Amino acid sequence: MKRINLGLQGGGAHGAFTWGVLDRILMDDRIEIAAISGTSAGALNGAALKAGMIEKGREGARANLDWLWEQIGAISAPGFTDWVAAFGPATPFMAQALAYSPAYAAFDAASRMFSPYGFGTVFSNPLERIVTQFHYDAVCDDHGPELHICATNVRSGKIRVFSGAEIVPDAILASACLPTLFRAVEMDDPVTGQREAFWDGGYTGNPALFPLFEAHLPDDILVVNINPLWRDDLPDDPQSIQNRINEISFNSSLLRELRAIEFVQRLIADGKVAEGQMKRVLVHMIADDPLMNDLNVATKTLATPVVLARLKAAGQAAADTFLTNHFDDLNERETVDLRAMFS
């Protein structure tokens, strides 16, 4: 049995890629998920997995993830999903069509020109109807994978990680609260004893890895990355520039934590820190940058069945490739060359 931790990025509807990754991992009973740290879409995926796992095991987790993405707009009927993905327009064409559609143009302009505080509840988060249906006795259960949800404290600018019984509907909504679209989520925070306001966790931890460093957890952290780290083409039009700004912003906190992990690895390797004094984290990553390079902010924002189906299938394929190539590496060695990444 290989024990691993999961770090699940946020990225709007692109979180359907993570849905596919998790679906494939859950099919492999040689893998135990010890803990999950998730932000935004990663928080929703993590909560759905945890609740389903507690109630009905691996198949329950897969079914609950299917239910979550059906609520968002996916079609998950076997066979029909493949048909939808196969016969829809090409992914780059769909992404461009959405980005330049009148509906998205009006939506994008409104988000830049108007405050969500100016129109009452018009800008209420549509995820609320989904999040309130989670079974929180299962989400917060002491058994099964530990779950950590990341949000950003608006006033302090610091990360806030919700764990255990702290994970309530408002915590998940806070993790997915884009400030240009929705009012900050306000709640009484037992940590500070104050009423605090929270925005999307992607600004400070996408996802936060440090909750997974605890001694009782396995050394391995598998990051499911849905914001491409690299793009070959230089963005040169307003849409592509804004898109790349979004990607860089939501990868910056992850890269900082990965650099810190690499620094500790060097200290241990050089004998400057005794083995066992600090945890030597083994980092793995599942991603599909070529697919994500064909997508954009519009496909993150507007969930369409075709794109969701292709993202799920891509996640399943990427996870299958990772397990084929690296299953034996789990709990033995990392599969991301952090030194090369930061050289």
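How do the residues of the lining of the second largest pocket divide into nonpolar, polar and charged? They divide into six nonpolar, six polar and seven charged. The model is predicted. This briefing covers its pockets, strand pairing, aromatic contacts and backbone exceptions.

**Largest pocket**

- The largest pocket has a volume of about 1200 Å³.
- Its lining counts 46 residues, and Leu178, Leu181, Val297, Lys300 and Thr301 are the closest to the pocket centre.
- Five helices each supply at least two lining residues: H2 (41-72), H5 (102-113), H6 (128-131), H9 (238-269) and H11 (297-301).
- H9 provides the largest share of this lining, with seven residues.
- By class, the lining of the largest pocket holds 23 nonpolar, 18 polar and five charged residues.

**Second largest pocket**

- The volume of the second largest pocket is about 360 Å³.
- Among the 19 residues that line the second largest pocket, Arg231, Ser240, Asn243, Asn293 and Leu295 are the closest to its centre.
- Helix H4 (91-99) and H9 are the elements that give two or more residues to this lining.
- H9 gives the most to the second largest pocket, with four residues.

**Strand pairing around S6**

- Strand S6 (residues 194-200) runs antiparallel to strand S3 (residues 146-153), and three bridges join the two.
- On this side, threonine 152 stands opposite tryptophan 199 of S6.
- S6 also runs antiparallel to strand S5 (residues 185-189), with five bridges between them.
- Methionine 187 has glutamate 196 in S6 as its bridge partner.
- The hairpin of S5 and S6 has four residues between the strands, and glycine 193 takes a positive phi near 75° there.
- As background, side chains in a regular strand alternate between the two faces of the sheet.

**Aromatic pairs**

- The whole structure contains five aromatic pairs.
- Tryptophan 19 and tryptophan 69 have ring centres 6.0 Å apart and planes at 10°; planes under 30 degrees apart count as stacked, so this pair is stacked.
- Tryptophan 19 lies in helix H1 (residues 16-26) and tryptophan 69 in helix H2, so their pair ties together parts that are 50 residues apart in sequence.
- Tryptophan 19 and tryptophan 69 are both buried.
- Trp67, Phe134 and Tyr136 are linked into a cluster by ring pairs.

**Arginines over rings**

- Arginine 30 lies over the face of phenylalanine 327, at 3.6 Å from the ring centre.
- Arginine 160 is placed over the face of phenylalanine 162, at 4.3 Å from the ring centre.

**Backbone exceptions**

- For reference, most residues other than glycine have a negative phi, and most peptide bonds are trans.
- Asparagine 206 and proline 207 are joined by a cis peptide bond, with omega about -5°.
- Proline 207 belongs to the loop between S6 and strand S7 (220-224).
- Serine 40 has a positive phi near 55° and sits in the loop between strand S2 (31-39) and H2.
- Buried or exposed: which is serine 40? Its relative accessibility is 9%, and buried means under 20%, so serine 40 counts as buried.
- Asparagine 331 has a positive phi near 70° and sits in the loop between helix H12 (305-326) and helix H13 (338-341).
- Asparagine 331 counts as partly exposed because its relative accessibility is 31%, between the 20% and 50% cut-offs.

Conventions: Residues numbered from 1 in each chain as written. Predicted model: local features only at pLDDT ≥ 70, side-chain atom pairs only at ≥ 80, totals over all residues. Heavy atoms only, no water. Pairing = 2+ DSSP bridges. 1 Å grid on protein atoms, 1.4 Å probe; cavity = no way out; pocket = protein on both sides within 12 Å on 5 of 7 lines; lining within 4 Å. Points joined across faces, edges and corners; volume = space filled by probe spheres on them. Nonpolar A, V, L, I, M, F, W, Y, C, P; charged D, E, K, R; others polar. Phe/Tyr/Trp six-rings, centres within 6.5 Å; stacked < 30°, edge-to-face > 60°. Buried < 20%, exposed > 50% of the residue type's maximum accessible area, 1.4 Å probe, protein only. Lys NZ or Arg CZ within 6 Å of the ring centre and 35° of its normal.
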